[in-house]
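Let's take a walk through this model together, from the whole chain down to a single residue. Keep the 3D view open as you read.

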Amino acid sequence: MSGPSGRHFLQLPGPTNVPDRVLRAMDRALIDHRGPQFADLTRRILADLSWIFDASEHVFVFPSSASGCWEAALVNTLSPGDSVLAYENGFFAAGWSDVAERLGLRVERIQADWRRPAVASPIRERLASDRGIRAVLIVHNETSTGVTSPIAPVRAALDDLGHEALLMVDAVSSLGTTAYRHDGWGVDVTICGSQKGLMLPPGLGLCATSRRALDANRDAALPRAYWDWAEMRRCNRDGFFPSTPATSLLYGLAESLRMLREEGLESVFGRHARFAAATRAALDGWGLDNHCVDPAGYSNAATTVVGPEGVDVRRFLDEVLRRFDMSLGGGLGRLRGEVFRIGHLGDLNDLTLLGTLAGVEMGMRAVGADLRSGGVEAAMSHLLATTPAGMAPAKERSTT
Ligand code: PLP
């Protein structure tokens with residue numbers, strides 16, 4: 001049994017491991033958040049955020065968790081009683097539509113299959129029959145189900161119908177793990193948080209906007225104070241924030257964005273896709289089922305695994321933590337006790353992933369699962385066969 005030695009394996013689908021470079025960047029004395037050095041930091045971060053989101057309009061950074069920005073997106077663009085159409089194919093999609101409802105919006109839900117990526121046709125149908133819908137809410141990568149949905153067909157549906165609704169996308173676990181194009185896909189508001197592909201601790205919420213979203217902000221009548229975009233934009237213009245910003249996290253964000261730029265986004269996405277494929281190879285080797293049943297929806301960030309017959313998934317997760325000092329994700333909402341989630345996003349390498357998969361295999365054996373052998377070997381073979389040409393040179397690593 002592992003004791004306190006070695007490093008904890010944090011293989012949740014977020015928060016993810018924070019690279020040493022980012023930890024060191026944050027381990028610095030604070031500076032005056034109303035001074036000139038701070039303004040330079042803000043400007044650099046905002047420019048790099050435009051790059052990573054592919055967003056030419058303003059990107060807002062709030063000291064908050066990501067779901068704070070669900071609220072920011074809604075209160076800054078909509079008015080009481082407005083209708084929104086929410087595509088629900090997972091726990092986080094359902095969470096966002098609940099927030100909309102609690103804010104006094106009329107929420108029309110499309111209850112969809114949690115095991116497959118979103119399809120645009122029911123969205124198109126609802127939009128065609130209701131020109132009054134003001135926003136469409138959809139999650140790009142559902143972290144609860146390990147399913148990624150295409151966004152461009154939703155934009156195409158809006159465009160074909162000439163529908164005015166704003167397109168709002170939760171990219172909380174896709175930014176920095178999966179190709180994402182805010183401008184390129186005509187998204188009006190994209191929401192993200194710091195603790196996943198951006199490899200930071202939790203604590204920053206991000207909202208990328210479009211010209212239409214910023215225009216909608218002028219007439220939006222939902223009450224807002226802390227989340228007010230107008231005030232934030234005014235202050236950001238000079239490199240400042242309306243209230244005390246999360247300075248240390250911003251140091252970290254500047255560094256993580258620098259790391260992602262150094263690696264190049266294509267390599268970052270390729271690295272995540274390769275780890276996801278190796279994880280699926282392990283599942284096949286073990287004879288375990290992926291919760292996502294459509295290969296088109298396989299997630300780069302996390303794989304949700306169906307608990308095998310006769311295995312108590314919660315006991316498995318407890319054993320993995322107790323014996324191997326590894327945290328995996330549990331099932332959320334209606335998937336509680338049914339599935340577990342392997343996070344393979346952020347700062348990890350081939351051996352981190354193999355350690356993770358070995359921990360899954362040993363944990364399964366520890367709880368008596370009837371697993372085929374060969375899962376870890378299958379992942380090793382995949383990794384050996386696919387060493388990515390564009391993989392970044394080894395990064396500075398822990399010296400301990
Ligand atoms: N959306 C998605 C897709 C998520 O995965 C999460 C958290 O895991 C959230 C929203 C909520 O983020 P937070 O817990 O930072 O508020």
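Predicted model: local features only at pLDDT ≥ 70, side-chain atom pairs only at ≥ 80, totals over all residues.

Residues are numbered from 1 along each chain as its sequence is written, and side-chain values use heavy atoms, with hydrogens and water left out.

The overall dimensions come next. The C-alpha atoms fill a box of roughly 60 × 55 × 35 Å along the principal axes. A compact globule with 400 residues would have a radius of gyration near 21 Å, and the chain agrees because its value is 21 Å; this radius is taken over C-alpha atoms, and the globule rule is 2.2 Å times the number of residues to the power 0.38. Contacts (heavy atoms within 4.5 Å) tell you about the fold too: among those between residues at least 6 apart in sequence, 75% join residues at least 24 apart.

The chain has 13 helices and 13 strands, which are DSSP runs numbered from the N terminus (helices are H or I with at least four residues, strands are E with at least two). Look at helix H9, residues 247-263, whose 17 residues reach 25 Å from first C-alpha to last, close to the 24 Å expected at 1.5 Å a residue. That expected span is 1.5 Å times one less than the number of residues. Because 13 of its 17 residues are buried, H9 is largely enclosed by the rest of the structure. Just after H9 comes Gly264, with a positive phi of about 90°.

Now find helix H4, residues 91-102. Its buried residues are Ala93, Ala94, Gly95, Trp96, Ser97, Val99 and Ala100. Just after H4, Gly104 takes a positive phi of about 95°.

His140 sits in the loop between strand E5 (133-139) and strand E6 (141-142). Is His140 buried or exposed? At 3% relative accessibility, His140 counts as buried. Leaving aside residues up to four places away in sequence, His140 touches several residues, including Val147, Asp170, Tyr180 and Trp185.

Note on methods: Buried < 20%, exposed > 50% of the residue type's maximum accessible area, 1.4 Å probe, protein only.
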